[in-house]
Amino acid sequence: MTGPGADIDTKRRILDAAAEAFQVRGFGSTTLDDIAEEVGATKGLIYYHFRSKFDLFLAVYEEGMRRVRAKVEPHADSQGTGRERLVAMSVAHVRNLMTDLAYHDVVHEGVRAQSSAALKPRQREALKSLNKLRHDYEQMFRQVVSEGIADGSLRTIDAALATRTLLSSLNAVDMWYRKADDQPAEVVDDLSNQIVDLLIGGLAARPARDAT
């Protein structure tokens, strides 16, 4: 297969392989030879699509943000109370994290790397630009939290603090979650719902309803 479709498929395979390699080895310890071997191609093919390892890292970061936003944003714009939409967004976020774990790890590595003295000015500016995507993503959550406060489905809280606490907690799942081979989608869905219920519903016991 040749043409634009083949190029898109090749780039996707390179991005997937790079995400996995960066997750396992870290950016610094990963070589383009490692990624080429995973793809089953030559290093020259990697250079054909990306001019450097760092540019490939940026592309993985951007693809990770694109994928998670594509899954979450429809819920932000759907019908329902602020809390209902926030729950749906959070479940979609965790589900995406579990299925695209390597991409999430790269995004987090990019956030941490922004202040690294080892980065060249061009690299630091490129990361700042991508981190704006992450900021805009957070603002989408914050808007729905604010709407939930306004409609009474969420208690009156500091929307910015609530949003950052929620997203930090959701993202922390990648510290302990490891995808099992051939893991059924239902397991991911169930675990995602349980995590979000804990974070948004809380740990406190619900008061028993009065008998009628």
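Biologist: How do α5 and α9 lie, oblique or roughly parallel to each other?
Modeller: This is a predicted model. In it, the axes of α5 and α9 cross at roughly 135 degrees. Angles over 145 would count as roughly antiparallel and 65 to 115 as roughly perpendicular, so α5 and α9 are oblique.
Biologist: And within what distance do the axes of α5 and α9 come?
Modeller: Within 9 Å.
Biologist: Left-handed or right-handed crossing?
Modeller: Right-handed, as α5 passes α9.
Biologist: Which residues make the contact?
Modeller: From α5, R83, L86, V87, S90, V91, V94, R95, M98 and T99. From α9, V188, D189, L191, S192, N193, I195, V196, I200 and G201.
Biologist: What does that come to by class?
Modeller: The contact of α5 with α9 has 10 nonpolar residues, five polar and three charged.
Biologist: Take S90 in α5. Buried or exposed?
Modeller: S90 is buried, because its relative accessibility is 0% and the cut-off for buried is under 20%.
Biologist: What is S90 in contact with, leaving aside neighbours within four places in sequence?
Modeller: F141, L166, L170, V196 and I200. Of these, V196 and I200 belong to the α9 side of the helix contact.
Biologist: Other topic. Where does UniProt put the DNA-binding region?
Modeller: At residues 31–50, according to an unreviewed UniProt entry.
Biologist: What is the chain like over residues 31–50?
Modeller: That stretch is 75% helix and 0% strand, with its end C-alpha atoms 13 Å apart.

Methods. Residues numbered from 1 in each chain as written. Predicted model: local features only at pLDDT ≥ 70, side-chain atom pairs only at ≥ 80, totals over all residues. Heavy atoms only, no water. Helix = DSSP H or I, 4+ residues; strand = E, 2+ residues; numbered from the N terminus. Buried < 20%, exposed > 50% of the residue type's maximum accessible area, 1.4 Å probe, protein only. Contact = heavy atoms within 4.5 Å. Axes fitted to C-alpha atoms, helices over the stretch in contact; angles between N-to-C directions. Parallel < 35°, antiparallel > 145°, perpendicular 65-115°, else oblique. Left-handed = near helix turned anticlockwise from the far one by under 90°. Nonpolar A, V, L, I, M, F, W, Y, C, P; charged D, E, K, R; others polar. UniProt positions renumbered as here; feature names shortened; annotations may be inferred.
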